[in-house]
Amino acid sequence: MQLDIYQIDAFTDTLFGGNPACVVPLTEWLPDTQMLQIAAENAVAETAFFILQQESALLRWFTPDIEMDLCGHATLATAHVIKQHLGYTNDQISFHTLSGELIVTFENDTYRLDLPARMPSPAPLPDIIRDAISIQPVAVLKARDYVLVYNTETDVRNIRIDRQIFDQINLDPGGVIITAKGERSDFVSRFFTPQSTILEDPVTGSAHCSLIPYWASILNKQEMFALQVSSRLGKLYCTNKGQRVNISGKARTYLKGACWIV
């Protein structure tokens, strides 16, 4: 069986920026074990598999290790493939996913994702996470992911993770967000997943399901510009909508190819 495969840099207007995702169009689902093997072989943070219908698509996301319940950057990458490479002409598409219906609207060369809000609540910090991070947070919250709040962007950029300690905690399918007010943006963040092949995710759309409502409440702003300050740098235009959040960004195609499944 030959499958088309695309690699897309998401949440960036520059090739080699943002977060790379692989996107694989299907006509029917492969066995879960096979999709996980393909994701592991691709060796990027997420591989999206989708089945295009008329004005919607079925969509699933796999890391090299597990299936995820929500992935923003791979959703954006999938929308980019459908719009730019498959001749889709409508101005939006609805994805049916493990997190319900997700709508992506096409606005010129920008993609606006409508995702569920996940407002984090105050929570104790597990000792393993405390021992694994080089700088301690000023506040700790949790939704799907732990959200560690810091005083400055410099703190967020300078944090180091002791992976030998960090990997002792299992947050499947969540991770740890570190965040602070931004110097050139409303807020900044980084995202780490214990026990994963890729420790730091370059740009994490799903993390902003918690970051957007949190920072909206702190900054008293509903429209915000965010930077995920990994080495690849991600740019996200954010809107707080109450029970939903909108995240907009751009994408660039790195490659198109094929894989052969025997």
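The buried residues of helix 6 are His-208, Cys-209, Ser-210, Leu-211, Ile-212, Pro-213, Tyr-214, Trp-215 and Ala-216, where buried denotes under 20% relative accessible area, exposed over 50%, and partly exposed the range in between (1.4 Å probe, protein chains only). Helices (H or I, at least four residues) and strands (E, at least two) are DSSP runs numbered from the N terminus. The structure is a predicted model, in which local features need pLDDT of at least 70 and side-chain atom pairs count only at pLDDT 80 or more, whereas totals for chains, interfaces and linings use all residues. Residues are numbered from 1 along each chain as its sequence is written, and side-chain values use heavy atoms, with hydrogens and water left out.

Helix 6 spans residues 208-219 and is mostly covered, 9 of its 12 residues being buried. The helix is followed by Asn-220, a residue in the loop between helix 6 and strand 15. The phi of Asn-220 is positive, near 55°, although the residue is not a glycine. Asn-220 counts as exposed because its relative accessible area is 68%. A positive phi of about 65° also occurs at Gln-195, likewise not a glycine, in the loop between strand 13 and strand 14 (200-201). Gln-195 is partly exposed, with a relative accessible area of 43%. As background, most residues other than glycine have a negative phi.

Strand pairing was assigned where DSSP finds at least two bridges between two strands. Strand 13 (residues 187-192) and strand 15 (residues 223-228) run parallel and are joined by 3 bridges; within this pairing, Ala-226 of strand 15 is the bridge partner of Phe-187. Strand 15 also pairs with strand 16, in an antiparallel arrangement with 6 bridges, and Glu-223 has Thr-239 of strand 16 as its bridge partner. Strands 15 and 16 form a hairpin with 5 residues between them, and Leu-233 in the turn has a positive phi of about 60°.

Leu-236 is located in strand 16 and is buried, with a relative accessible area of 0%. Beyond its neighbours within four places in sequence, Leu-236 is in contact (heavy atoms within 4.5 Å) with Phe-11, Val-203, His-208, Met-224, Phe-225, Ala-226, Gln-228, Ile-247 and Ser-248. The C-alpha atoms of Leu-236 and Lys-250 are separated by 8.7 Å, the two residues being 14 residues apart along the chain.

The nonpolar interior was described in terms of cores, each a set of buried Ala, Val, Leu, Ile, Met, Phe, Trp, Tyr and Cys residues joined through side-chain atoms within 4.5 Å. The largest nonpolar core has 50 residues, of which Trp-61, Ile-93, Phe-95, Val-104, Tyr-111, Leu-115 and Phe-187 touch the most other members. A second, separate core of 22 residues includes Val-140, Leu-148, Leu-171 and Phe-192.

Salt bridges were defined by a side-chain nitrogen of Lys or Arg within 4 Å of a carboxyl oxygen of Asp or Glu. A search of the whole structure finds 15 of them. One joins the side chains of Lys-235 and Asp-13, at 3.7 Å from N to O. Lys-235 lies in strand 16 (residues 234-240) and Asp-13 in the loop between strand 1 (2-10) and strand 2 (19-26), so this pair ties together parts that are 222 residues apart in sequence. Lys-235 is partly exposed at 30% relative accessibility, as is Asp-13 at 34%.

A salt bridge also links Arg-244 and Asp-114, at 3.0 Å from N to O. This pair connects distant parts of the chain, with Arg-244 in strand 17 (residues 244-249) and Asp-114 in strand 8 (residues 110-116), 130 residues apart. Arg-244 is partly exposed, at 25% relative accessibility. Salt bridges that share partners join Asp-69, Arg-118, Arg-144 and Asp-145 into one network. In a further salt bridge, between Arg-112 and Glu-107, the closest N and O atoms are 2.9 Å apart. Arg-112 counts as partly exposed at 25% relative accessibility, and Glu-107 is partly exposed at 33%.
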